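Trainee: I'd like to go through how the two parts of this chain meet. Can you walk me through the terms as we go?

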Amino acid sequence: MAIKGLDTSAASAVRAAKPPHFKLENVIRPNILSLEPYRCARDDYQSGILLDANENSLGHALPANSSLPHNPPSSSAAAPPSANGTNGTAANGAQTIIPGAGDQDPLSLHRYPDPGLFGIRSAISNLRGVPNEAFTFLGVGSDEVLDLIQRVCCTPAKDKILICPPTYGMYSVCAAVNDLEVVKVPLVTKGGQFSLDVDGVNRAISADPAIKLVFICSPGNPTGTLIPPADVRPILDNPDYRGIVVVDEAYIDFAEEEKRMGKRPADQVVSAVSMVDEYQNLVVTQTLSKAFGLAAIRLGIAFAHPAIIQIMNNTKAPYNISAPTAHLASLALTAIGVETMRKNVQTLIRNRDALIADLERLEGTGAILGGNHANFVLVQMLDFETRSRPSNDVAQLVYTRMAEERGLVVRNRAKDLGCDGCLRITVGTEDENKRCIVLLRELLQNKGQWTQ
Ligand SMILES: Cc1ncc(COP(=O)(O)O)c(C=O)c1O
């Protein structure tokens, strides 16, 4: 069956891509393939007197000179109006950026946003080196993309997904929502390092045709380990597998930037996006939430062959990306935005290295597990008595005491497979990292007690 909305040249390019045994129509649910996508007049006409979409002709209802806080206070909630409530200055006194009302409204807040977002899609396509915007889908964070790919491919109560724990929790949450069984092929753990069990994954997908999606996280969360594209290839090429491989690259810019810093060979290929044009059974997800520091705007990306992208576009809610998000994303994708992102990532990598060195010097921490190719560190807490075994009790105690009594929040990953006793610490600013080390030193040296 033809894919609705896919032009004929894109369709023949898809057919020419590898692997020869793959046919997208066999993976996509029949109801999604036959779905008549929602169409609106705005798909055809975007300017003029717009009386097509039941928007509010009078404009938005934000108070005149409404402001956005430039530096929000520590709670991420929007700042309340300023005390005198008149000048559009946020309560914390920070400078503001102002979408005005009525004619002054540069974001056209009373209009539905552009459903196609070709500008942003083509900027991201250029940045990541895929042929054009037909290879790029935008979602509400990569979380929406990860859910959508399950919804279009997997029939509830029938199909399965495969994950490689320890890994990002949302693959299983989405599977539970979509009523899909989860097959697990754990990462291989050796000497505190993690790697993909390529043969194990291939055995599982060869044996079970109900597995429609394989999720590989690279660099992994919580492992911080890059899975080289060369390890993904044998799965893409597995002639028994008729499903899709999803590589989640939420943290890929940290690995990319290591090349510019001379920490890995400059010509090493780290991103699976390099294989998207070659393979029609590959989806790579990325996000502006991490390296770009724009978690609040919720912009995620899928790179894949145009047929898959077309299906995702046919299925998504019509205006999933808001105009403020699109505007901020387009600024982030300018040359200056990308340069700023790279500088920040380099700073975080230096902070990460310093944090690791400090953690290694502490009494009571064990191994630092995984690859450290992202903006977090996975570190073992040892038992207080012998200081020789990772301890989930110590991890839990440190986690709660630091959060509840000192206001410093890390993540307890001790129950994840292969992560006994582990806390996952996001790399912060230099000061935040120092504070974290001071608190950890105090708690660990004094067997869970504060000295002051
Ligand atoms: C591996 C991984 N994938 C995806 C996401 C979700 O990112 P987004 O903010 O784009 O939804 C996260 C968030 O922590 C993550 O760690």
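Mentor: Domain 1 and domain 2 bury about 2,200 Å² between them, 62% of it on carbon and sulfur atoms. This is a predicted model: local features need pLDDT of at least 70, side-chain atom pairs count only at pLDDT 80 or more, and totals for chains, interfaces and linings use all residues. Residues are numbered from 1 along each chain as its sequence is written, and side-chain values use heavy atoms, leaving out hydrogens and water.

Trainee: What makes that area "buried"?

Mentor: Buried area is the accessible area (1.4 Å probe) that two parts lose on being put together, summed over both. So the 2,200 Å² covers domain 1 and domain 2 together.

Trainee: Which residues make up domain 1 and domain 2?

Mentor: Domain 1 takes 8-41 + 111-333 and domain 2 takes 339-445, with bounds from an automatic or database domain assignment.

Trainee: Why is Arg 342 with Glu 257 called a salt bridge?

Mentor: The rule wants a side-chain nitrogen of Lys or Arg within 4 Å of a carboxyl oxygen of Asp or Glu. Here the closest N and O atoms are 4.0 Å apart, so the pair counts as a salt bridge. Across the interface of domain 1 and domain 2, the rule finds 3 salt bridges.
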